[in-house]
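Please look through the sequence and the three-dimensional structure shown below before reading on. The report that follows takes up the chains and the ligand in turn.

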Amino acid sequence: MSVPLKVIYNEESTKSIGNDLRKVAVQPIVNYSNISKSYGDLQVLRNIDLDIAPGEKVALIGPSGSGKTTLARLLMTLEEPTSGTIEVDGEMLWHQKTNGKLVKANEKHLHKVRGNIGMVFQHFNLFPHMTILRNVMEAPRNVLGLSKEEAMERAVTMLKQVGLANKIDAYPAQLSGGQKQRVAIARALVMRPKVMIFDEPTSALDPELVGEVLEVIKAIAAEGEMAMLLITHEMDFARDVADRILFFDQGRIIEQGSPKRIFNNPESERLQTFLSRFNRH
Amino acid sequence: MWNWDYTLLILPQILEALKITVSATFVAFAVALVVGLILTLARRSDFKPLSLFAQGFIEFVRSTPLLVQLYFIFYVLPEHGLSLSPFIAGVMGLGLHYSTYLSEVYRGGIESIPPGQWEAAKALNFTPLETWRKIILPQSIPPVIPVMGNYLITMFKETPVLSAITLVEIMQTAKMLGSHSFRYLEAFTIVGVLFLVLSYSSSLMVRRLEVRLNLR
Amino acid sequence: MWFDILPSFWEGAKITIQLTLFSAVIAFFLAFLAGFGRLSKIKAVRFLAATYVEIFRGTSLFVQLFWIYFALPLFGIMLPKMLAGVLALSLNAGAYGSEIVRSTIISVPKGQTEAAIALNMTPWQRTWLVILPQALVMMLPAFGNLIIEMLKGTALVSLVTLADLTFVATVLNSSIMRPTEIFSVLLVIYFVISLPFTRGIRWIEHRLSAGRY
Ligand SMILES: Nc1ncnc2c1ncn2[C@@H]1O[C@H](COP(=O)(O)OP(=O)(O)OP(=O)(O)O)[C@@H](O)[C@H]1O
Ligand SMILES: [Mg+2]
């Protein structure tokens, strides 16, 4: 596919990127272009433009109900955009060309493009009827078509990485919340996606279990090659892991920039108000 | 194949018999409501033999055919000096059979009452009878009214079985009309359509009631 | 005494059990067909499935059996008694079973489908690997109850003179006139046949509430 190379950080999409602007002339791994999403009369996303570079870690922060989850769900094909296009690795996600015309993608097309993306959910969504090992093996085996041995080897390696090699034969109900989320991370990682979405991976956890999950995510981020879209209310974590922070409010990207810039010099009033709530404690 | 003149000829007779069907349904439903509640209370009783008996009765009646229970009431009881008309035997059989289902409904309603309510009644020094009458039943019955409504509809649909003990309700009327003329198609189709229309429209009503109750 | 009449029930019991098992297999199949049909993306399929379910739940087995046995011949379709019995029982139970299938499938949390999509499973794989295994376990007790309802329903075939347990009993009664013994024994036989199912359901329910869910 010949897609014109884009300049990451489209100038119109944001007013306040200032000196953090890094112009990178590579094809973005994800491109949202003029994306809007409405539920009936409620407009949840308003004309979003956003590029994510390969390997880039982008953190999405913002008040509840601002549309962060919706933005992620559109990329995971769990929700369909009302208008606009999304490209993944240079290929349209929700649209395909048939006889030169752009039409809605069919399941086959979605299947092809979706393979680049993985997601970790707030509530884990492990398969309760499968052991931990099978939770992680099932997709490599059936979706990637690996042999049983290969799938098992990959799954075990992944489970070791998240520190759960000893829980292979347990069922999800026998694990703590933190362990469940680490299994969910292994299950998503084992598919080797190019982009990984984390939607508030720790907000359903007891406070004392948050640390272990964040550590695992940090370690994965440090490996580098996979792009990440992190939705989080853990500001310290966002600062540590992200290359770029997006502040979201009322369906728009209000402000974006490097963690240092966003946290030290918030420009918009809304971001300042938003951050002040976290700084107080 | 389908004869409209004949249909119009027999329709009034079948509609006339609908009265028996409907009254059998309501009387049997009343029996089921009362016996069902008694069974539920007996099952919760601290007196072990009583609760075991109720449990055994429920399981036995639920696992055996209504038709055979009707035969039992209609043919066995007279042997022991209790002759019943088809109507009485029919509503007794149908009512007892469904009382075991309704006892489950009551039980569900009662078990959904939070334990705090029992404790509150105790704290207020209510007698057991007062507790049931004033606290437990008034709270446990309204939420299960739609389920009871569905059982009323089910019992209505089951009334044709009563024709087996010669009660002349709509199915028996249709059978008699059919055997006179050797044409069963119209009579049985009318019965089917009648049941379908009446039970479907009542079930829509129950569904609406359910929505209203959920909104409260 | 009562046990001298017991052997007479043997042939009838065979018919009753055969009728239950044959009908259960077909009903199970119909239940899945109609249950999935009601969840189909295609409107015509949903409509067809809903029509089948409403018709067979809106009238009773009794009416359906009589219609199939007495009214169908006027269309030139004359079914043998056994076939008419199996057809009525399975069509009727299939309609009820489809509600079991439909309601358990939609009760599997949405997050399960979403996780399956996130792993890029095909719609077929989502259903077979993720949704159905979870729904099936929930269906078992309800299907057990449905089989008991079917067993009870078989008694109605005696009214179209198929020689099941109940038919044998009525014939026996009209010849030897011992209703108390005959109908008591008959009730007990039905109860005994149902026992494995009621025990099985209870065992499964117990496993489910104690198990890993
Ligand atoms: N399926 C839906 N139907 C209708 N409205 C929806 C639906 N999903 C989300 N919304 C609405 O869209 C808005 C954005 O929701 P979204 O979940 O994207 O917010 P969020 O930023 O992730 O919030 P949070 O921090 O609470 O997770 C909210 O007002 C929400 O109520
Ligand atoms: Mg969210």
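## Chain B and its annotations

In chain B, residues 18–206 carry the UniProt feature "domain: ABC transmembrane type-1", which comes from an unreviewed entry; UniProt positions are given in the numbering used here, feature names are shortened, and annotations may be inferred rather than shown by experiment. This is a predicted model, in which local features need pLDDT of at least 70 and side-chain atom pairs count only at pLDDT 80 or more, while totals for chains, interfaces and linings use all residues. Residues are numbered from 1 along each chain as its sequence is written, chains are lettered from A and ligands numbered from 1 in the order in which they are written, and side-chain values use heavy atoms, with hydrogens and water left out.

The span of residues 18–206 of chain B is 79% helix and 0% strand, and its end C-alpha atoms lie 21 Å apart; here helices (H or I, at least four residues) and strands (E, at least two) are DSSP runs, numbered from the N terminus. UniProt, again in an unreviewed entry, lists residues 20–40 and 184–206 of chain B under "transmembrane region". Residues 20–40 of chain B are 100% helix, with end C-alpha atoms 30 Å apart, and residues 184–206 of chain B are 96% helix, with end C-alpha atoms 32 Å apart.

## Chain C

For chain C, the annotation "domain: ABC transmembrane type-1" from an unreviewed UniProt entry covers residues 13–201, a span that is 83% helix and 0% strand and whose end C-alpha atoms lie 22 Å apart. Chain C as a whole has 8 helices and 0 strands, and its C-alpha atoms fill a box of roughly 70 × 50 × 20 Å, taken along the principal axes.

The "transmembrane region" entries that UniProt (unreviewed) lists for chain C include residues 15–37 and 58–79. Residues 15–37 of chain C are 100% helix, with end C-alpha atoms 32 Å apart, whereas residues 58–79 of chain C are 55% helix and 0% strand, with end C-alpha atoms 23 Å apart.

## Chain A and the chain contacts

The secondary structure of chain A comes to 9 helices and 12 strands. Chain A has a radius of gyration (taken over C-alpha atoms) of 19 Å, close to the 19 Å that the globule rule gives for 281 residues, so chain A is as compact as a globular protein of that length; the globule rule is 2.2 Å times the number of residues to the power 0.38.

Among the 2 pairs of chains that touch, chains B and C have the most contacts, where contact means heavy atoms within 4.5 Å. Chains A and B do not touch, and their nearest C-alpha atoms are 22 Å apart.

## The surroundings of ligand 1

Ligand 1 is surrounded by 13 residues, and the closest are Ser64(A), Gly65(A), Lys68(A), Thr69(A) and Thr70(A); a residue is counted as near if one of its heavy atoms lies within 4 Å. By class, this shell has 4 nonpolar, 7 polar and 2 charged residues, and helix 1 of chain A gives the most to the shell, with 3 residues.

Which atoms of Ser64(A) and Lys68(A) lie by oxygen atoms of ligand 1? A polar side-chain atom of Ser64(A) lies 2.5 Å from an oxygen atom of ligand 1, and an N or O atom in the side chain of Lys68(A) is 2.8 Å from an oxygen atom of ligand 1. For Gly67(A), a backbone N or O atom lies 3.0 Å from an oxygen atom of the ligand.

Methods
Polar contact = N/O pair within 3.5 Å; in protein donor to acceptor, adjacent residues only side chain to side chain. Nonpolar A, V, L, I, M, F, W, Y, C, P; charged D, E, K, R; others polar.
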